[in-house]
4 protein chains.
Amino acid sequence: MNDEIIYHMDQENLELTNPVMIVGLPGVGHVGKLVADHLIEALDAKKMIDIYSEHFPPQVMVKEDSTVELVGNRLYLAKTDKADLLILAGDSQSTDPAGHYSLCELYIGFASQFNVNRIFTLGGYPTGIVNEENYVIGAVNNVEMIDGLKEQGIQFNPSEPPGGIVGASGLILAFAKLRNIDAACLMGTTTGYIADPKSSKVLLGKLCGILDIEVNADALDEKIKNMDQIVEKLKDSVIGEDGEEYYESPASDEDLVYFG
Amino acid sequence: MNDEIIYHMDQENLELTNPVMIVGLPGVGHVGKLVADHLIEALDAKKMIDIYSEHFPPQVMVKEDSTVELVGNRLYLAKTDKADLLILAGDSQSTDPAGHYSLCELYIGFASQFNVNRIFTLGGYPTGIVNEENYVIGAVNNVEMIDGLKEQGIQFNPSEPPGGIVGASGLILAFAKLRNIDAACLMGTTTGYIADPKSSKVLLGKLCGILDIEVNADALDEKIKNMDQIVEKLKDSVIGEDGEEYYESPASDEDLVYFG
Amino acid sequence: MNDEIIYHMDQENLELTNPVMIVGLPGVGHVGKLVADHLIEALDAKKMIDIYSEHFPPQVMVKEDSTVELVGNRLYLAKTDKADLLILAGDSQSTDPAGHYSLCELYIGFASQFNVNRIFTLGGYPTGIVNEENYVIGAVNNVEMIDGLKEQGIQFNPSEPPGGIVGASGLILAFAKLRNIDAACLMGTTTGYIADPKSSKVLLGKLCGILDIEVNADALDEKIKNMDQIVEKLKDSVIGEDGEEYYESPASDEDLVYFG
Amino acid sequence: MNDEIIYHMDQENLELTNPVMIVGLPGVGHVGKLVADHLIEALDAKKMIDIYSEHFPPQVMVKEDSTVELVGNRLYLAKTDKADLLILAGDSQSTDPAGHYSLCELYIGFASQFNVNRIFTLGGYPTGIVNEENYVIGAVNNVEMIDGLKEQGIQFNPSEPPGGIVGASGLILAFAKLRNIDAACLMGTTTGYIADPKSSKVLLGKLCGILDIEVNADALDEKIKNMDQIVEKLKDSVIGEDGEEYYESPASDEDLVYFG
């Protein structure tokens, strides 16, 4: 670990068919992370690259067998009949602003090396509103992508999100443009308070439509059931001035706490 | 983006007449940024240089057409009959103290390269007072500039602002001195709570006087009207012990939130 | 101090028998630090290496004779009839995330240089519960260590601690794995509010069992007595909903404040 | 400003007699800064070196004539009949922990270059107690200095201050030891809430005793008078449980705000 960023690659030479990169890292409601983690499991993806960096927290996670694993990100490969998916998932984003730039440069380097033709970064879009119908909004690095994505039900609103997109989901779009790779950020609406598998399931559905693939969503349904029970326990919801239901305060139930 | 700072320059060799640099980056009340952005539009300035840096936030902005743009600063050229204006504007200042030094060194390098003979950095001066008559105070890197600026209505008060000038508006003056370029910081008074196009219009007027140019201010008037309506909604103003009117608390209306 | 990290080594060539590294740096309840400091005193360990770094706080400690000592960590050697113990102790962990990576790489380099065959990092595991029977939970970098440690009374619970292990105690396990050195993190349960010599004594007992050595614990007993008196002063304990006793608020008694 | 730290030296070759370095940078109660600034004025010291660094805040101060000055530190020379004083004073300490290490390395390099035989770093020691008789406590990097300093009325208490000494005042002692330069930190007791010229005057008196020089203290008396009037305005003092008088809350009067 003498270098700022290190990675271990298991296979250097890969023959990929229609390679598409999917990025689902920790973020708002863990909407994107839950989708990426689900894809890896449901499609039995194979880990290709481990990424460690001093820009990640100085931390290990403890696995079920009580062995430790250094915090990092990982690139997986899942082969489908329509596309080979390179799925970037992991435990954390950079702890410092500059680290986001270094790490996203690394990620986009992988996309370039594997001749990826499209990138989809997945995230959450916090609305603060509870019990709303989930939908997905998009932003792109090439205006020509918009019509096709609209056909798949992605919404595009002028200058939305108003605060821009922070972290890897946004930077990757900008860096991909410099390499002439089409990239879109797909954001599932979520309250923003808790991990939101319901939003993830909607986002997964849209992504599958875009990629023209089918993915079993049973494991996400299980997570939604668990989450519903937790939310049930939070009795403290109130009706806001706008008639919408809000949580009175950010949830502190331990089950909702997520790492990253 | 392997380097700490990168920039793309569209034209290396420029023949400029009486080149003056104007700096209006995000800051107190966005007074300086609003003037610079207005000048770019009103004078139909041409973008010459894009500046990106890992010292900026790891973030993209979403444009009206739903395409993204990496957070950065930009140098524009506006030709007037009295002076060629190099206008530095953008989305953000450095996120870390050291980055201010690196970025301002870059900016002053452009000033030097284009033989700029004067620099005006524009900012806001927070007074906390509402409904006050706006005025402009100045600080310089060469005492000989003061008389001329006073003639144009810029006020100079000993050791004011008492806390000094933080960020690019101040550092650029110090760095310009090392290169023997005259530079002044012009600060429009503002409450400090919200974006303040009214202060910007007063500052624009003084700057035009100094440069002996005329600039249509209609777009700023439009912004002032919008802002007045927003402020109207904020009923929570109170009368302070000194007889002045204050806002009870920093405004949190979404329309007032500004990026940077 | 021109380099990021410097260290002074008193002896380069050492003949060690069954070298084991013990790491007890400041952290939760100072449980690990108290054990390491106690071992150094009880076993009359000899200081071998001083480690200073700009990743430590810019601070000196004042010793009893009013002379100052730069904040740092230190590696000691204690010879026992069963093993030579390399004990890493000190005043602080890194002040910045990246520094943890640099410092732990240094520490693991010492382990490698001295042919250490096992590493035990010592820490605290905050439960928030007062007056509970102390126990020790473990995490390892090699699953084969678990059975032996269980025999010595170390508990292993799936994926515990749920938030992973932050700082040197965790990173060292991950880095040791890359060098094929078996390493375990042993965490004594503690309230998490105050320095906890009681937990340290339990942890010391387990460690001595693992190493098959005996260490006089009188000095720790003295510290426990002092701490009991301090806790007695804190009358503000309350009974939580779960029937357990909690402190009403983190203790602020000066005697409890610890550095690091 | 391409380098991390730059300095301009006016005179490289100086013949100094009994050179002693005095360090008075911003800190607790500005006790040390006020003494250093007073010495520079009272002894008509000559500025020798300007020190700028990206570790300082990205800020300029505005002087009385409305010209700006980049935040930095400065080394002055004051010749007395007993010793040549190299006085380090300035606007700020490092904004980041690592910067303290870099800057103190620079400072100690100057001490070495000018063959300084003793260093006195000046600071404040916060007691929280109002209206107490001011005294001065010391810490040293060489135990042999203590007896001489005690004769001049400096108090030495075991392991005091209990939290060590943070910033340049402490680091310089540690770094000086590596170069075999005797150094002491002299700390004037102060409430810790406000700039404290009264404590500075007591500290100045002790320092003059140690150096066997006389310095007119009229300007400090003026500052004490001003400060007394400000404190008079703060009616909110209360009697603490220990019978001592405390301020109810940290003073927020603008006159008391100090930069650094």
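Here is a tour that begins with how the chains are arranged and then moves to a contact between two of them. Keep in mind that you're looking at a predicted model.

**Stop 1: chains A and B.** Select these two and colour them separately. Turn chain A by 90 degrees, shift it 0.1 Å along the axis, and it lies on chain B with an RMSD of 0.0 Å. That's how a four-fold axis relates copies. Now pick Asp96(A): in chain A, its C-alpha is the one nearest the axis, at 7.1 Å.

**Stop 2: chains A and C.** How many residues does the contact take from each chain? Chain A gives 20 residues and chain C gives 30 residues. Together they bury about 1900 Å², and carbon and sulfur atoms give 63% of that area.

**Stop 3: the chain A side.** Select strand 4 (59-62) and strand 5 (68-70) of chain A; each supplies at least two of the residues that touch chain C. Strand 4 of chain A has the largest share, with four residues. Colour this side of chain A by residue type and you'll get ten nonpolar, six polar and four charged residues.

Stop 4: To finish, click on Val60(A): opposite it stands Ile165(C), in strand 10 of chain C.

Key:
Residues numbered from 1 in each chain as written. Chains lettered and ligands numbered in written order. Predicted model: local features only at pLDDT ≥ 70, side-chain atom pairs only at ≥ 80, totals over all residues. Heavy atoms only, no water. Least-squares fit on C-alpha atoms with pLDDT ≥ 70 in both. Contact = heavy atoms within 4.5 Å. Buried area = accessible area lost by both parts, 1.4 Å probe. Nonpolar A, V, L, I, M, F, W, Y, C, P; charged D, E, K, R; others polar. Pairing = 2+ DSSP bridges.
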